[in-house]
Amino acid sequence: MRPGRDNIAAPDLPGGLAWVGTEPESMPALTAGGPALVHFVEFAQLNSVRTLPYLAEWHRRYRDAGLGVIGVQAPRFPFAAEPGAVAAGLEQLGVEFPVAIDADHELWAAYGCEGWPSLFLWSLGGALSWVHFGEGEYRATEEAIQAELRELDALRDLPEPMAPLRASDGPGARVIPPTPEYFPGGSWERPWVAGADGEDLALDYQAGGAFASVEGEGQIEVEVDGQWRTIPAGPAPGLRTLAEHPRHEAHNLILRPAPGVKIWSVSFAAGVP
């Protein structure tokens, strides 16, 4: 959405942040050359991970036209503040733009983020041009990027905006809210640990897909409606796909991880009717 006023300036990047990739000199320096996207994510959180293919493609498409892209890893889980884990998780997801690790949520607070992910587009010179919280609005966001780039060069040839990667991503798509996220350890602050807290997890859900935020080494046996398969828990912590469905569906899920594997959350994607 467009901001309520046109003079909101980009907060600068605080010193002392750890970075994965090349640290920008500053936000004023970044926006001096063109518009800039700042995207707050958590590499082990479902909604964040689902937006990253769009960010990666916008970075590829528009960096030579003057768009700067940086990510901000705002940790939700303890392991997600560790630079080694963040670097490995981002590499698994194919992220190539620089990402700051906002371990103390200093930038998160300065930007007024409302959840994962949170996206901010800054114009040439550093005024807020576009903001979006959560998934969705991909075409509108890309059109906002293109509008900013045309301020630099009105005659530049720009591609047609990306086609939706999922049925639920299209403009005006109707989706059904999924089963709420489940924290098997009792809260988002405590994981469920295989062996210490039990041998398996069982739950029913209705969604377009099921995913787990996982930490540890070994394998996870996954059963969906009686059909078993095995997925790796590691080596790096992150989000693991348990099941994906063409639309909103009801299923039974059982997880049987190797001893010591931590399950921080089980989350569900919205599906189309």
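**Close-up 1. The lining of the largest cavity in this predicted model.** The residues around this space are H39, T51, L55, W58, P117, L119, H132, G134, G136, Y138 and T141. A cavity here is a set of points, on a 1 Å grid over the protein atoms alone, where a 1.4 Å probe fits but cannot get out, and lining residues have an atom within 4 Å of a point. Helix 2 (46–62) and helix 5 (138–152) are the elements that each give two or more residues to the lining. Helix 2 gives the most, with 3 residues. By class, you'll find 5 nonpolar, 6 polar and no charged residues. For that count, Ala, Val, Leu, Ile, Met, Phe, Trp, Tyr, Cys and Pro are nonpolar, Asp, Glu, Lys and Arg are charged, and the others, Gly among them, are polar.

How much space lies in the largest cavity? About 60 Å³, and a search of the whole structure turns up 1 cavity of 30 Å³ or more. Volume means the space filled by probe spheres set on the grid points, which are joined across faces, edges and corners.

Close-up 2. Strands (E, at least two residues) and helices (H or I, at least four) are DSSP runs numbered from the N terminus, and two strands pair if DSSP finds at least two bridges between them.

**Close-up 3. Strand 2 and its two partners.** Strand 2 (residues 36–41) pairs with strand 5 (residues 118–122) in the antiparallel sense over 5 bridges, and L37 stands opposite L121 there. With strand 3, strand 2 runs parallel, joined by 6 bridges; V38 has I70 as its bridge partner.

**About the model.** Residues are numbered from 1 along each chain as its sequence is written. In this predicted model, local features need pLDDT of at least 70, side-chain atom pairs count only at pLDDT 80 or more, totals for chains, interfaces and linings use all residues, and side-chain values use heavy atoms, with hydrogens and water left out.

Terms used
1 Å grid on protein atoms, 1.4 Å probe; cavity = no way out; pocket = protein on both sides within 12 Å on 5 of 7 lines; lining within 4 Å.
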